[in-house]
Amino acid sequence: RLANAVTPLWRLPYQEQLQVKYESQRKILQTLASRLEELGIDAQKRGGLCCPLQPVVPSPIINGYRNKSTFSVNRGPDGNPKTVGLYVGTGRGRNIVCVKANHVENIPSKHKQVAQCYEEFICHSPLDSCILFHEGGHWRELVVRTTSCGHTMAIITFHPQQLGQEALATQKALLKEFFTCGPGAVCALTSLYFQESTMTRCSHEQSPYQLLHGTPHIFEELLGLKFRISPDAFFQVNTAGAEVLYQAVGDLCQATADTVLLDICCGTGTIGLSLAHQVSKVIGVEVVEKAIEDAEWNAAFNGISNCEFHSGKAEAVLPQLLALWEDGRPLVAVVNPSRAGLHYRVIRAIRNCRSICRLLYISCKPEGEAMRNFLELCCPPDPKKKLVGEPFSPVLAIPFDMFPHTVHCELVLLFTR
């Protein structure tokens, strides 16, 4: 049941998985064409699609490709409230259980090993797991990040409830001892982090990640560059797949030596830095402060001097950046937002900047909020909404299989005007 929930295509041969994904992306482009037609834009000229759709680009690695896994702590099928795994069931059905992920094919063995050790530790702890915040308990989720350089980072979330600083210090010392001298030493952690959190999700700014052991960062190599990764920094979950994706993005940008690349939602700067040698300048924007610190370190370490990075919400930073844009160099935008898509103010800033004639939208969920963004990019000008720039048109779609065994795909949609 867990494999079917987390990796629903796992039983299919890989070529069949790619065909399933191609069909789902085709339906998304059909939907976009229909929605554009409702706006009075004739986009049905290409077999019902809004633009040509290329075959799904396969992932170089099919099994154990994830470099980041998030494990929950909850009751298992056997009733053990300290099971570390992934959820099966629904809240509505009141049948949620936490199942060990030992057999799930997209999770590497190192992640499973760390999860097993964490379960062993909390099972011997006198403190309860935190299943519902208001019912007490402490031990919560585990995030494991690994790199092709052999680095492993573990981040443990803990609800402090009413514990004092002395009791918290004791738990942190026990955790460190377990993973450095005890049974958990087998994991050979590069970094062990601890975060006190009273919320489902907590940023570093809301509650700092506390380094209990090892180095503050882990490192990854991508397209000949070295990247530093902080606990909460975004990095594509499939490193080998990301290399293929970024090379294609570089080709689609059609950048020249005088191009300025605008990298929106840039994370640790992977896209911008990997394309910096092709362009005159890279401008990156990212909301996670620690990711921007990583991006700046990555640029300096790799000897890349034509990049500047801005920390803050894209909807606050970008309009200011583009409002007074008078640089005569061609400007190409690459956007890689979360599933929530881009804020309308970001779309408006892009539309109203005449220098941007080429835009690459990378979406992990094109049927979701990204669809709203696609329509906002292509709709007729609307002075009432301060949308005065000429509309974009979708001209090419390329799906990349960054998530084998799942139904998800990374869609790159090229817009021009």
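## Surroundings of P404

Leaving out residues up to four places away in sequence, P404 touches Y14, Q17, K21, S59, I61, I62, Y65, N106 and N238, where contact means heavy atoms within 4.5 Å. P404 lies in the loop between strand 15 (393-400) and strand 16 (410-416), with helices (H or I, at least four residues) and strands (E, at least two) taken as DSSP runs numbered from the N terminus. P404 counts as buried because its relative accessibility is 0%; buried means under 20% relative accessible area, exposed over 50% and partly exposed in between, with a 1.4 Å probe and protein chains only. From C-alpha to C-alpha, P404 and A299 are 31 Å apart in space, and 105 residues separate them in sequence.

## Basis of the values

This is a predicted model, in which local features need pLDDT of at least 70 and side-chain atom pairs count only at pLDDT 80 or more, while totals for chains, interfaces and linings use all residues. Residues are numbered from 1 along each chain as its sequence is written, and side-chain values use heavy atoms, with hydrogens and water left out.

An unreviewed UniProt entry lists Q236, E286 and N336 under "binding site"; UniProt positions follow the numbering used here, feature names are shortened, and annotations may be inferred rather than shown by experiment.

Q236 is in the loop between strand 9 (225-229) and helix 5 (239-253), and it counts as buried because its relative accessibility is 3%. Beyond four places in sequence, the contacts of Q236 include N336 and E410. N336, in the loop between strand 13 (331-335) and helix 9 (344-352), is buried at 7% relative accessibility, and its contacts outside four places in sequence include Q236, F234 and E410.
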